[in-house]
Amino acid sequence: MALRLYNTMSSQIEAFHPLRDNEVRMYACGPTVYDYGHIGNFRTFIAVDMLQRFLRQSGYTVRYVMNITDLDDKIIRNAARDGVSVQQYTAKYEKAFLEDSATIGIEQPALVRATERIAQMADFVAKLVEKGIAYRTDDGSYYFRIAKFPQYGKLSKKDFSGMLDGARVDVDEYDKDSARDFALWKAPKPGEASWDTSIGPGRPGWHLECSVMSMQELGESFDLHAGGEDLVFPHHENEIAQSESLTGKTLARFWFHVRFLLVEGEKMSKSLGNFYTLRDLVLKGHKPSSIRYLLASVPYRNQLNFTFDGLQQAAVSVERLRNFRQRLSAGNFPPGSNLEMQTLAGETIDRMRASLDDDLNTAQAQAAIFEMVRSVNSAFDAGQIKKDDAAPLLAALETFDEIFAVVKDDDGPKMKEVFDWALTEGREKDVSAELRETVQSAQMSGTEIQARVEQIQELRKARNFQASDALRAETITAANIIIENTKDGIVWRRK
RNA sequence: GGCGCGGUACCCAAGUGGUAAGGGAGAGGUCUGCAAAACCUUUAUGCGUCGGUUCGAUUCCGACCCGCGCCUCCA
């Protein structure tokens with residue numbers, strides 16, 4: 001079994017093979033850094049992150065590049081509104097995006113910024129002009145002549161043949177030859193950033209940056225191009241037109257698009273009041289791991305309905321996996337090995353791999369790990385787990401977490417960062433009691449908690465249950481942890 | 001209007017031409033000084049509706065109803 005992926009270009013699931021032996025070159029359209037990232041953004045980036053993780057787990061070397069759009073109309077507008085330079089403005093939100101990505105467990109790709117490649121973009125336009133594909137209008141803007149690219153529409157399955165006859169639509173209004181022709185380069189306007197380049201002053205159109213940067217970073221033809229489903233048209237269609245008309249080569253073999261999510265059954269929008277940034281959720285006290293788990297649990301091509309009930313359920317699911325790991329890590333097994341457990345670990349890894357190979361079916365991969373968890377817990381209760389079984393079972397869990405990245409618990413420090421950010425931004429009023437508790441919990445050190453646990457243990461040994469229970473209750477509240485008495489002693493963990 | 005996706009138990013959500021994964025929640029139970037964790041049992045003769053094909057359909061086909069996306073820069 002090997003990876004099979006849905007390809008928007010062919011509208012089919014196809015076997016994925018990189019163009020070069022063992023190296024996958026992939027590109028994702030990153031954020032426009034004009035605001036804090038919302039959970040819809042992160043669904044997309046998590047999906048691509050899991051793909052990238054799975055490719056590496058499958059033995060490929062992955063070169064994963066993402067662009068940062070630090071130049072567009074909204075940025076110019078908002079920077080002016082805030083009275084800061086475009087650079088100051090984008091630096092703030094790029095930093096926030098990278099912090100949020102790390103918070104949500106996204107491994108950082110190689111980044112390229114639009115503003116760092118202006119000259120190359122101008123050169124790209126110049127080459128298109130040379131080929132007669134792009135043209136300049138009187139004001140100094142440049143447009144792409146889609147009549148020169150008959151395949152235009154092949155990705156989004158749109159038929160523009162009716163417009164390719166040179167019909168001049170609203171020429172006066174648009175100052176271009178066809179209404180469908182799109183801007184490659186925008187002539188300077190008063191008050192807007194402008195660059196002096198080989199093709200004159202101005203700034204690049206949005207689509208251009210991805211064509212230029214992907215080519216520079218990954219070559220004229222690479223393996224996979226990813227983004228949200230809204231980018232199919234016009235963004236990716238235009239990228240294809242620009243790049244392929246210039247090189248005559250296929251831009252990307254696979255086109256990977258992530259479906260939009262719904263929030264509480266409705267499209268997420270500010271007007272509906274169901275618009276959430278990642279930070280909004282953390283401020284409410286939700287753990288990054290819960291958010292990632294929920295966003296990862298529905299296969300990327302299906303609509304995901306993000307609900308607070310679902311977020312709660314995700315939190316419990318992650319908890320179950322963490323409890324499992326803690327139990328296996330604790331040791332205390334009789335010597336020897338149980339062949340069934342060894343087999344189970346291997347089969348689980350195979351099932352997870354087969355699920356992900358099947359167009360990244362994350363839901364099935366989760367089912368596989370949970371079935372293993374139940375079987376192993378059951379064997380555990382029956383005393384059938386032996387010393388040598390822990391390692392392979394933990395390895396299976398680790399294989400899961402290499403993709404999902406939720407079992408390892410670093411929620412506390414990450415939530416503390418958001419907490420600190422809220423204070424510096426003067427948003428203390430938005431910090432929920434839940435987040436406050438979690439942050440306080442993270443502040444009680446492990447040794448401090450351990451000391452209390454030992455006291456509880458002593459009291460229990462003395463069968464002074466009233467005192468031990470009281471101290472336990474007090475510690476649970478003060479440190480926001482969970483304490484369990486087991487036959488092998490007390491174990492604790494942070495809530 | 002054009003193109004496309006989906007409607008599965010209380011909630012989230014996989015999946016298959018041969019009789020419904022997984023997680024959460026609820027109920028009962030086991031273990032336990034208590035609590036927690038864990039385990040066991042239980043919760044869809046049913047997979048939007050109506051037809052059709054078939055020995056047999058939730059799975060294929062058709063119609064209809066409902067939800068969602070894209071159709072000039074929203075992931």
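Helix α12 gives the largest share of the surface near RNA strand B, with 9 residues; "near" means that a heavy atom of the residue lies within 4 Å of the strand. This is a predicted model, where local features need pLDDT of at least 70 and side-chain atom pairs need 80 or more, while totals for chains, interfaces and linings use all residues. Residues are numbered from 1 along each chain, chains are lettered from A and ligands numbered from 1 as written, and side-chain values use heavy atoms, without hydrogens or water.

**Around the RNA**
- Of the 50 residues around RNA strand B, G228, N302, Q313, S317 and D469 come nearest.
- Sugar and phosphate make up 63% of the RNA strand B atoms that come within 4 Å of the protein.
- Several elements each supply at least two residues of this surface, including α1 (39–57), β11 (222–228) and α12 (362–381).
- Helices (H or I, at least four residues) and strands (E, at least two) are DSSP runs, numbered from the N terminus.

**Polar contacts (N or O pairs within 3.5 Å)**
- T44 has a side-chain N or O atom 3.1 Å from a base nitrogen of RNA strand B.
- For R327, a side-chain N or O atom sits 3.2 Å from a sugar or linking oxygen of RNA strand B.

**Two helices meeting**
- α1 packs against α13 (residues 390–404) at about 140°, with axes 8 Å apart; axes are lines fitted to C-alpha atoms over the stretch in contact, and angles run from 0 to 180 degrees between N-to-C directions.
- That makes α1 oblique to α13, since angles under 35 degrees count as roughly parallel, over 145 as roughly antiparallel, 65 to 115 as roughly perpendicular and the rest as oblique.
- M50, R53, F54 and Q57 in α1 meet T399, D401, E402, I403 and F404 in α13, contact being heavy atoms within 4.5 Å.

Methods:
A polar contact is a pair of N or O atoms within 3.5 Å; within protein, one must be able to donate a hydrogen and the other to accept it, and residues adjacent in sequence count only if both atoms are side-chain atoms.
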